Amino acid sequence: MSINNYNLIKTNYHILKVDSKEFLFHIPTSSVFELSAESANLLRKMENKEEINKDEEEIVEEFKELNIVGSRFFVKEEATKIEHFPAKALVLNVTSGCNLSCTYCYKEDLTSLKNSGQMTFEIAKNAIDMFYKESPHLKEYSITFFGGEPLSNLPLIKEIIAYANDFFGSKDLKIGYSMTSNATLLTEEIIHYLHDSKVDLTISIDGPESLHNKTRVYENGKGSYEKVAKNVAKLLAIYKNRTVGARVTLTRGITDIKTIWNHLRYDLKFKEVGFAPVTSGDNDFFNLSDFDLKKYFLDLENLVKII
């Protein structure tokens, strides 16, 4: 078998070395696999474009299942024709503007609130109509509001919710909403509206003040923690019957999961806390180092044992 028949998809994996062992971090699923000596050796051979032995074909098939190895050539008889691929959810990017200037933000096209690009109601309406047309047999429909900071375009969100409630309600169908927000624009009035509209919320917050304010700042460089924590307290007091999650972005040097978990879970009273390592593309300044990734996985394992 020739290596030329295969293509390594290097964006789908990262190799970690811990002592004498090698691990494969599978990026699409955030899973970690310990590599056998044979698997690690084969991967190096493929990276160097060396020939593959017949007895290594089984490992190649395992790599293909993980989608880190793919065929270079289109084989017609093996292709699967998909007649219909229904949408499961609709994500509406209601604004490109944000009132924060987080240092690690992956959205290079984000703008300030003063000159942000706003979605129009006509575009949103057409998207909802198309969503139903493409997926007319779903039992429940879901719309996610995205940005930028979605709440900076709250008038449009209200229009969308009113339209979607009427549209799906007239067909006796369920419609649900979700949003990730930095929480800085929340007021009691807005919180009550979102609660009554059954909008599930996830709050972007990176831990206690000393950690959060390192990266999640306003345009003038001032940290946003004080405002976020104050608004989260209001939010959780009103959202008693709906789960509000916290989403933590881990950046290089900021991987103290236990401290972050304890603060968000027990001090601020979030019932759900999720962690995600930053992925910043070509600009890897904030990406976790090999050392950070090792610590991240070890700390996650230890955290699971105590909660």
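Modeller: A salt bridge is a side-chain nitrogen of Lys or Arg within 4 Å of a carboxyl oxygen of Asp or Glu. Side chains of opposite charge can pair when their charged atoms come close. This is a predicted model, in which local features need pLDDT of at least 70 and side-chain atom pairs count only at pLDDT 80 or more, while totals for chains, interfaces and linings use all residues. Residues are numbered from 1 along each chain as its sequence is written, and side-chain values use heavy atoms, with hydrogens and water left out.

Biologist: How many salt bridges does the structure hold?

Modeller: The structure holds seven. One of them joins the side chains of Arg44 and Glu22, at 2.9 Å from N to O. This pair links distant parts of the chain, since Arg44 is in helix H1 (residues 37-47) and Glu22 is in strand S3 (residues 21-26), 22 residues apart. Helices (H or I, at least four residues) and strands (E, at least two) are DSSP runs, numbered from the N terminus.

Biologist: Is Glu22 buried or exposed?

Modeller: Buried means under 20% relative accessible area, exposed over 50%, and partly exposed in between (1.4 Å probe, protein chains only). Glu22 is buried because its relative accessible area is 17%, whereas Arg44, at 37%, is partly exposed.

Biologist: Which residue forms a salt bridge with Lys45?

Modeller: The partner of Lys45 is Glu56, and their closest N and O atoms are 3.1 Å apart. Glu56 lies in the loop between H1 and helix H2 (57-65) and Lys45 in helix H1, so the pair ties together parts that are eleven residues apart in sequence. Glu56 counts as buried at 9% relative accessibility, and Lys45 counts as buried at 12%.

Biologist: Where do Arg242 and Asp200 lie?

Modeller: Their side chains meet in a salt bridge of 2.7 Å, N to O. Arg242 lies in the loop between helix H7 (225-238) and strand S10 (245-250), and Asp200 in strand S9 (residues 199-204), so the bridge ties together parts 42 residues apart in sequence. Arg242 counts as partly exposed at 22% relative accessibility, as does Asp200 at 35%.

Biologist: Which residues make the nonpolar surface patch?

Modeller: Patches are made of residues with over 30% relative accessible area and no salt bridge; like charges are joined within 9 Å, and nonpolar side chains (Val, Leu, Ile, Met, Phe, Trp, Tyr) within 5 Å. Accessible areas come from the Shrake-Rupley method with a 1.4 Å probe, and for residues only the protein chains shown count as cover. Here Tyr266, Ile306 and Ile307 make a nonpolar patch of about 330 Å². Ile306 lies in helix H9 (residues 290-306) and counts as exposed because its relative accessibility is 55%.
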